[in-house]
Amino acid sequence: MWAAAGLVLAVLLPFAASQGDSYESFMDVSTMVGIYVCMALGLNIVVGMAGLLDLGFVAFFAIGAYTYAIFATPQANNFLHFMDFPLSGNTFWLFILIGGLVASLFGVLLGIPVLRVKGDYLAIVTLGFGEIIRIVFNNMDKPINITNGALGLSSITPPTLFGIQLLNASQFYYVVLVVALLVLFIIRKLEASKVGRSWRAVRENEIAAQAMGINLFKTKLTAFAVGALFSGMMGVIFASKQTFIDPTSFTMLESITILVMVVLGGMGSVPGVILGAAVVTILNLQVLTEVSNWLTDLSVNGGIAIPDVLSPSKMQRFIFGLLLILFALYKPKGLIQEKNRIVDPKKFTEAGENAHASN
Amino acid sequence: MPMLQIKDLGKNFAGIQALKDVSLSVEPNSITAFIGPNGAGKTTLFNMITGVYPPSTGEILLEGKSLLGCKPDEISRRGIARTFQNIRLFSKMTVFENVLVGCHNQLKTNVLTAVLGLPFTKKEENIAEKEAYKLLQFVGLAESLNEEAGNLSYGNQRKLEIARALATKPRILLLDEPAAGMNPRETRELTDLILKIRDEFKLTLILIEHDMKLVMKLSEHIIVLDHGEKIAEGNSHDIQNNPKVIEAYLGTGAVAK
Amino acid sequence: MLENILRTLPQVLFDGITLGTVYAVIALGYTMVYGILKLINFAHGEIFMTGAFIGTAILLAFSSLGWIGTLPIIILVLVAMFLTAGVTGAIGVGIERIAYRPLRKAPKLIALISAIGISFLLQDLVRFTTEFANDGNFYLIGPELFKSNINVPLSKMASFLSDASFKTSFLFVLVTAVALMIILDVFVNKTKWGMAMRAVAQDRDTAALMGVNVNKTISLTFFIGSALGGATGVLFAVQYGTIDPYIGFILGLKAFTAAVLGGIGNIRGAVLGGLIIGVVEMFAAANLSTLTNHVIGAEYKDVFAFIILILVLLFKPEGLLGKALHEKV
């Protein structure tokens with residue numbers, strides 16, 4: 001029921017808001033919330049459900065974004081000659097899947113060496129991987145110009161739907177909404193299945209999970225791959241929405257931001273992580289900027305000198321660092337705690353069987 | 001053919017010989033006990049049978065087929081299940097889910113079929129759920145199926161571990177100190193439960209236990225380990241009168257020469 | 001091609017060893033804390049960075065007091081290092097007290113999250129303070145202390161070598177870093193406190209039963225590790241000049257790699273690992289472009305530490321000098 005209410009709200013809210021500039025910026029934030037919700041849900045599989053600390057999650061987002069951006073700009077002409085780029089906006093829909101799969105493939109390639117070793121090192125290796133991917137994208141402008149290096153890729157083709165180019169945030173909002181619902185559906189299905197149970201069993205106790213016949217390596221690798229898939233998919237959407245990407249969009253700060261969403265919301269808890277992603281995105285994009293602007297106004301108009309260093313929009317690291325510590329110390333289960341599936345024992349008793357049959 | 005056969009098994013931990021040339025065999029549908037003082041190598045033996053540690057020397061055969069090089073999960077799939085001395089439940093998951101994880105060997109679902117919700121996925125999940133519930137009834141935990149496993153009492157946690165191990169449909173069940181920390185009443189219940197398991201599931205049982213009353217009552221075959229070596233084996237009568245065993249437990253000079 | 005590589009090799013070694021000693025001393029901090037708590041102290045790279053800032057600030061203060069040039073430089077730097085070590089040591093103890101100790105029994109994941117939080121917090125605190133004190137700039141340039149370069153006329157000794165040169169600070173960095181490592185080694189292996197640290201690292205509960213004060217020992221470990229890290233920060237600032245609040249992150253990553261390469265928990269291993277990583281990195285920076293025919297250049301030098309880390313984890317997870325550990329089941 002809650003889900004239905006949320007859905008109605010998500011579809012109708014954009015209509016309720018006023019039109020015009022503020023409407024567009026509202027829709028822009030809502031679209032970003034949707035993108036981050038999906039990424040946080042992906043990271044939640046890895047960190048929350050499978051208990052693997054991934055500190056370089058943004059790498060997969062970057063891979064997805066670049067996968068689309070390279071082919072949706074003339075960039076691909078530099079190394080592919082059998083057809084003409086950029087590809088049309090119609091291919092965007094296919095690229096959501098391709099971007100996700102490419103990211104997933106990298107997740108597997110990274111996971112194969114790393115997930116065999118004990119969990120402690122995973123955090124540091126993924127941290128390194130996040131940095132490396134950024135360095136590689138930053139420097140792949142030579143000898144063959146693949147990523148256009150630090151200059152980034154601009155004029156990325158926006159998606160086309162039934163011949164209409166999607167250009168503004170309000171249109172993207174619905175694209176993101178549909179993808180987010182799909183992601184949510186997949187996660188709900190996985191969570192309640194053997195796959196989700198195996199993830200959590202591995203998180204709870206590796207040795208016992210193994211003794212129950214669970215292949216640790218395969219289970220962790222699946223978590224890694226599915227998490228990366230979602231991140232890569234959102235990367236494609238992000239690239240097409242921004243129409244410009246460069247390596248600075250994919251720093252460690254981004255990875256930690258997504259981690260904050262998961263920890264704040266509640267590791268392993270799907271509703272919690274959705275809440276966490278919404279709160280952190282709004283904090284990041286709206287609250288911090290607005291407070292900063294307000295402070296600037298104050299020092300310009302009010303004559304109260306507030307030095308620029310105090311500007312809250314620069315304090316993200318401080319705020320996120322503090323949130324991580326406070327939640328680790330005082331609320332490790334997050335805002336909405338992970339809940340276990342409750343089964344009705346009647347389902348298994350004679351009476352329940354009959355009731356079931358007569359239905 | 002013996003159910004389980006161990007030949008000249010040895011284990012070195014960084015120069016310390018935890019187990020030395022142990023050979024033994026376990027008959028199908030029997031109850032065997034490994035006993036011995038602390039540090040005798042009993043749990044190390046369990047860990048090698050279940051593939052947690054690779055043996056340094058020797059061989060382990062399950063119905064004549066070697067288990068060497070198998071990972072713990074493969075060994076579980078080949079039909080050996082266990083419980084742990086220091087209970088290892090999935091403590092944040094429910095009692096029911098713990099047992100369901102035990103059923104995973106019988107489920108063929110993967111990421112794709114789970115997402116698509118194919119009919120066979122639903123069907124096998126339903127079968128597993130029914131089975132898990134039956135097992136919980138069997139060990140007497142059906143009432144607490146929705147409780148978090150970590151919140152169960154100590155004795156019930158041990159029972160849950162047994163139910164979870166049974167869910168893997170083992171042919172051999174290893175119980176590592178099942179009665180540790182139980183009061184006399186719980187221990188008596190456990191004794192009955194173990195006998196019931198053997199009879200209803202047609203299982204081969206091996207247990208490590210310090211409670212000698214329980215060991216003597218249950219076991220058809222007892223193997224005594226001390227300092228990593230097998231010092232005696234036989235039925236309860238043989239063991240109780242074996243001077244080497246008494247010496248291992250009570251120290252040199254305990255037996256009048 | 002080989003000739004070229006050989007020609008520049010002495011210079012690569014000088015630079016590599018300088019950088020390697022820095023990695024080595026930071027790696028000591030990681031290895032000590034990991035040894036005793038089995039926790040990757042993400043904040044350690046940031047402790048190093050904080051040390052670099054505190055040390056530079058002290059040296060700048062000396063400079064504005066007009067002491068530089070009148071008093072012997074080596075004494076001034078040693079004083080700055082000593083003061084910095086005291087402060088960062090105290091910060092380290094504080095971090096353990098506030099962010100790690102309450103989580104000692106919590107799942108490892110939670111402690112790691114707290115550690116990464118501390119790391120971010122420190123980065124921004126230093127950035128904030130520096131911008132406040134330095135006209136909105138987040139980087140800091142230290143006073144130039146060692147102006148001269150020493151030329152080593154290798155080409156006269158062997159015609160196939162180029163001349164190499166290094167800043168005089170190189171000698172200072174090398175000597176001080178080696179001295180720190182020797183003192184630490186003696187401390188850990190020969191003193192009562194060192195024995196307590198080793199005991200707690202091996203088995204906390206048993207050590208407690210034997211009368212070792214576990215909390216105090218862990219605090220001491222953090223103090224020493226963080227003091228060393230901070231002092232190394234000063235050395236780094238003296239050697240390389242400009243510092244910013246984000247140097248600790250990638251340097252920490254490499255130092256951690258050094259610790260893993262040497263065998264985590266092993267002090268001599270950390271030193272060996274640091275030197276190897278330093279030399280490999282400098283070698284890559286100098287020769288990558290030549291070796292790959294300009295396909296990949298020096299920009300990729302940071303990738304090497306990471307590749308080494310993955311290779312070590314795959315093929316020798318216990319490291320070069322470490323012992324394989326078994327988990328008790």
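**View 1. The contact between chain A and chain B in the predicted model.** Chain A gives 27 residues to this contact, and chain B gives 35 residues. On the side of chain A that touches chain B, four helices each supply at least two residues: H6 (169-191), H7 (194-204), H8 (206-211) and H9 (216-242). H7(A) provides the largest share of that side, with seven residues. By residue class, the side of chain A that touches chain B holds 14 nonpolar, eight polar and five charged residues.

**View 2. The open sheet of chain B.** Six strands form this sheet, in the order E6-E7-E8-E3-E9-E10. Their pairing is mixed. Strand E6 (80-82) and strand E10 (229-234) of chain B each have a single partner strand, so they stand at the edges and one side of each has no neighbour in the sheet. From one strand to the next, the twist averages 20°.

**View 3. The E6-E7 pair of chain B.** E6(B) and strand E7 (residues 172-176) of chain B run parallel. Three bridges join them. Which residue of E7(B) is the bridge partner of Arg82(B)? The partner is Leu174(B).

**View 4. Helices on the sheet of chain B.**

**View 5. Where domain 1 of chain B touches domain 2 of chain B.** Ten residues of domain 1 are in contact with eight residues of domain 2. Helix H2 (72-77) and helix H7 (184-201) of chain B each supply at least two residues on the domain 1 side. Which helix gives the largest share of that side? H7(B) does, with four residues. The domain 1 side divides into six nonpolar, two polar and two charged residues.

How values were computed: Residues are numbered from 1 along each chain as its sequence is written. Chains are lettered from A and ligands numbered from 1 in the order in which they are written. This is a predicted model: local features need pLDDT of at least 70, side-chain atom pairs count only at pLDDT 80 or more; totals for chains, interfaces and linings use all residues. Two strands pair if DSSP finds at least two bridges between them. Axes are lines fitted to C-alpha atoms, for helices over the stretch in contact, and angles run from 0 to 180 degrees between N-to-C directions. Two residues are in contact if their C-beta atoms, placed from the backbone, lie within 7 Å. Ala, Val, Leu, Ile, Met, Phe, Trp, Tyr, Cys and Pro count as nonpolar, Asp, Glu, Lys and Arg as charged, and the others, Gly among them, as polar.
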